[in-house]
Amino acid sequence: MTTLQYLLLAHGHTVTVDGIFGAQTGAAVRAYQLTKNLVEDGVVGPETWRALIVEVRPGARGNAVRGVQREFQLRGDVAPQSDGVYGPATEEAVRAFQAALRAGGAELDADGVVGPRTWQALVGGVRAPVSQAA
């Protein structure tokens, strides 16, 4: 939920990042859907998620970066600080996540860019395969 709220903030909508889908978040979702000519129902389905995605890459700053960093914290993985700065720690976490997914068969480059596929894996709770020591 906090990632949704960070993405809404990244798109200029006012919302408190509290992890609760309350009236304020619902209103922000509907306002966002209206600006994107989506069905204005307050439901964050696949079309709304696709529209909310902000590509995040090394050097980026802001709320979309905070959303990526928060996803790593929620996963319990080694998490970069949630400071909204896509620095070396965030890049390392993203590349490692992408490389592990790729090793597990995902068609995903370990390029450090959080695009639609990486966002989907992060938000969808996809777990990278754990490598076994020989």
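Buried means under 20% relative accessible area. The views below come from a predicted model.

**View 1. Helix 4 packs against helix 6.** Helix 4 covers residues 63–75, and helix 6 covers residues 116–123. Two packed helices are described by the angle between their axes and the distance between the axes. Here the angle is about 40 degrees. The axes of helix 4 and helix 6 lie 10 Å apart. Angles under 35 degrees count as roughly parallel, and 65 to 115 as roughly perpendicular. Helix 4 and helix 6 are therefore oblique to each other. Their crossing is left-handed.

**View 2. Residues of helix 4 meet residues of helix 6.** From helix 4 come Ala64, Gly67, Val68, Glu71, Phe72 and Arg75. From helix 6 come Trp119, Ala121, Leu122 and Val123. Sorted by class, this contact has seven nonpolar residues, one polar residue and two charged residues.

**View 3. Phe72 sits in helix 4.** Is Phe72 buried or exposed? Its relative accessibility is 2%, so Phe72 counts as buried. Now look along the chain to Val15, 57 residues away from Phe72. The C-alpha atoms of Phe72 and Val15 are separated by 21 Å.

**View 4. Phe72 and Phe97 form an aromatic pair.** How many aromatic pairs are there? The count comes to one. A pair of aromatic rings is described by the distance of the centres and the angle of the planes. The ring centres of Phe72 and Phe97 are 5.8 Å apart. Their planes stand at 90 degrees, so the pair is edge-to-face. Phe72 lies in helix 4, while Phe97 lies in helix 5 (residues 88–103). The pair therefore ties together parts that are 25 residues apart in sequence. Both Phe72 and Phe97 are buried.

**View 5. Thr3 lies in helix 1.** Helix 1 covers residues 2–10. Thr3 has a relative accessible area of 2%, so Thr3 is buried. Which residues does Thr3 contact, leaving aside its neighbours within four places in sequence? They are Gly67, Arg70, Glu71, Trp119 and Val123.

Technical notes: Residues are numbered from 1 along each chain as its sequence is written. This is a predicted model: local features need pLDDT of at least 70, side-chain atom pairs count only at pLDDT 80 or more; totals for chains, interfaces and linings use all residues. Side-chain values use heavy atoms; hydrogens and water are left out. Axes are lines fitted to C-alpha atoms, for helices over the stretch in contact, and angles run from 0 to 180 degrees between N-to-C directions. Helices (H or I, at least four residues) and strands (E, at least two) are DSSP runs, numbered from the N terminus. Angles under 35 degrees count as roughly parallel, over 145 as roughly antiparallel, 65 to 115 as roughly perpendicular and the rest as oblique. A crossing is left-handed if the near helix is turned anticlockwise from the far one by less than a right angle, and right-handed if clockwise. Contact means heavy atoms within 4.5 Å. Ala, Val, Leu, Ile, Met, Phe, Trp, Tyr, Cys and Pro count as nonpolar, Asp, Glu, Lys and Arg as charged, and the others, Gly among them, as polar. Buried means under 20% relative accessible area, exposed over 50%, partly exposed in between (1.4 Å probe, protein chains only). Rings of Phe, Tyr and Trp (its six-membered ring) pair if their centres lie within 6.5 Å; planes under 30 degrees apart count as stacked, over 60 as edge-to-face and the rest as tilted.
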